[in-house]
Number of protein chains: 2
Amino acid sequence: MEQERNRLILVTNDDGIQAKGLKTLIDIVRPLGEIFVIAPEESQSGMSHAITVKTPIRVKKIKQDGNVLINSCNGTPVDCIKLALNKFLNRHPDLILSGINHGSNASASILYSGTMAAAIEGCVNGIPSIGFSLLDYSPEAEFNGVVKYAEQIILRTLEYGMPQGTCLNVNFPANHSGEIRGVRICRQTKGMWIEEFDQRIDPQNREYYWLTGDFINLEPDAVDTDEWALQNNYISVVPVHVDLTSYGAMDHLKKWQFDGEGKK
Amino acid sequence: MEQERNRLILVTNDDGIQAKGLKTLIDIVRPLGEIFVIAPEESQSGMSHAITVKTPIRVKKIKQDGNVLINSCNGTPVDCIKLALNKFLNRHPDLILSGINHGSNASASILYSGTMAAAIEGCVNGIPSIGFSLLDYSPEAEFNGVVKYAEQIILRTLEYGMPQGTCLNVNFPANHSGEIRGVRICRQTKGMWIEEFDQRIDPQNREYYWLTGDFINLEPDAVDTDEWALQNNYISVVPVHVDLTSYGAMDHLKKWQFDGEGKK
């Protein structure tokens, strides 16, 4: 790929600055322009769209490595995007990338995902944004098999642009599940997590809980969903929007005849 | 209202167990059935859909007050809902209510809102859920003027049911803005927060930031939006869905011709 110095790409993740998935993503975009990285100091998994309002936020410059400037931050992935856009970058980036996450963000997992929250925050700011995740939670997860697909999705986004108010939730099958069969444009699977809450007693005899759970796919046979694609060794690409309005439900609600409803 | 003992209502918030808005909401639903309250020990504003995975979660029974059982939790609003549904309640509640939040959750603020995340988590679990917010951040905010409207929305939801995959984002104008003109069914306003990041130096001469910002309404004249309704002294009711798929963008993406795309 030809180096284009004037392009600016912002990169973050939620597994933290040391994560292998982040390093993989940086290597993918290194030839594509100026790269500004700002990622959490430590893992921020499950932080969703949280912002830090009760404690001070600190940013550390880690290193300038050619055209790649790397910073860490003690905040959340969304804090990272907000800091980059409002404090550190003197112009809007052409693209925001988040990941590559160690672990799935398909189906309902998008709601809890710091990786996808960073992409959604980019989208709210009108910037083409993509969250990438691999279905392997291991810190040593193998990303080699997915690099060329991530590259392709990034280049297509730069070429075609992103529909307004939309970002992408891209999930890759785990390396050990066999050869990838290609890319599928999908919808978010209806599903949920059933939590188990591992209940324990601490040395002071006080009860506490750890959150654990299993994902339940509510439509395992639906071939247009991200879970189906991933289980069949496709890469899932779900276009995600930031307008949460359920337009289909508005007519239902209008039958409720609230006081003053409909008046101008 | 007639007391119906067999109905079960789950109540939480993100401002914490001591908040006046939570107490107001409990008083509203007290005549409606068995009430199970589990709310954060302290304010969890801006925590969005975060879940606690790195630290133990603890729950404290505060008091049984007639048909109202009140618990606090050191986790997030979504932790509260997950704990209630998976650990403490022996059946699904008929309704989940979150709030009344001190401060707006209209437009893009829904993304950062712990109040709305609790309602969305309820919706993921197939339970009719409503998040309530008042446009007044003060801990001493006055809720008297909105009680009858909150009651009406709750009773309508119990009567008519909630469309599948949908919950409600209800915002009330602040008490000091004058008489409420009624309820409007709205869509989420296109808008964003422009952050300012108050930059300071600590006693050890290290730089740090506080997140501050201003909301920008990108469509101030759109009369079908929640921001317009609130600015014109209406209560805004936005139906919110948990399927984030941008169906409109799927056709655009299908033109990108990825490897293997469309294959079955």
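1. Let me start with a loop residue: A:Ser107 sits in the loop between β5 and α3 (114-124) of chain A. Helices and strands here are DSSP runs (H or I over at least four residues for helices, E over at least two for strands), numbered from the N terminus. Although A:Ser107 is not a glycine, its phi is positive, about 50°. A:Ser107 counts as buried because it has 27 C-beta neighbours inside 10 Å. The cut-offs are 20 or more other C-beta atoms within 10 Å of a residue's own for buried, 12 or fewer for exposed, and partly exposed in between, with C-beta atoms placed from the backbone.

2. A word on the basis of these notes: the model is predicted, local features need pLDDT of at least 70, side-chain atom pairs count only at pLDDT 80 or more, and totals for chains, interfaces and linings use all residues. Residues are numbered from 1 along each chain as its sequence is written, while chains are lettered from A and ligands numbered from 1 in the order in which they are written.

3. B:Ser48, in the loop between β2 (34-40) and β3 (59-65) of chain B, is not a glycine, yet has a positive phi of about 50°. With 30 C-beta neighbours inside 10 Å, B:Ser48 counts as buried.

4. Please also check the cis peptide bonds. In chain A, one joins A:Gly99 and A:Ile100, with omega about -5°; A:Ile100 belongs to strand β5 (residues 95-102) of chain A. In chain B, a cis peptide bond links B:Gly99 to B:Ile100, with omega about -10°, and B:Ile100 lies in strand β5 (residues 95-102) of chain B.

5. On to the sheet in chain A. Nine strands form an open sheet of mixed pairing, in the order β3-β4-β2-β1-β5-β6-β7-β13-β8; two strands pair if DSSP finds at least two bridges between them. β3 (59-65) and β8 (183-185) of chain A are the edge strands, each pairing on one side only. On average, neighbouring strands of this sheet are turned by 20° against each other, direction ignored. Inside the sheet, β1 (residues 8-12) and β2 (residues 34-40) of chain A pair in the parallel sense over four bridges, and A:Val11 stands opposite A:Val37 in β2(A).

6. Two helices deserve mention against that sheet. Helix α1 (residues 20-29) of chain A packs on the sheet and touches β1, β2, β4 (68-73), β5 and β6 (129-134) of chain A, its direction making about 140° with that of β5(A). From the other chain, α6(B) packs on the sheet as well, touching β7 (166-172), β8 and β13 (235-241) of chain A, at about 135° to the direction of β13(A). Axes are lines fitted to C-alpha atoms, for helices over the stretch in contact, and angles run from 0 to 180 degrees between N-to-C directions.

7. How many residues does each chain bring to the contact? Chain B gives 68 residues and chain A gives 68 residues, where contact means C-beta atoms, placed from the backbone, within 7 Å. On the side of chain B that touches chain A, α6(B) gives the most, with six residues. The residues of that side divide into 37 nonpolar, 16 polar and 15 charged; Ala, Val, Leu, Ile, Met, Phe, Trp, Tyr, Cys and Pro count as nonpolar, Asp, Glu, Lys and Arg as charged, and the others, Gly among them, as polar.

8. Finally, the symmetry. A rotation of 180° with 0.0 Å of shift along its axis superposes chain B on chain A, at an RMSD of 0.0 Å, which is the relation of a two-fold axis. The superposition is by least squares on the C-alpha atoms of residues with pLDDT of at least 70 in both copies. The copies meet through the same surface, because 99% of the interface residues of chain B are also interface residues in chain A.
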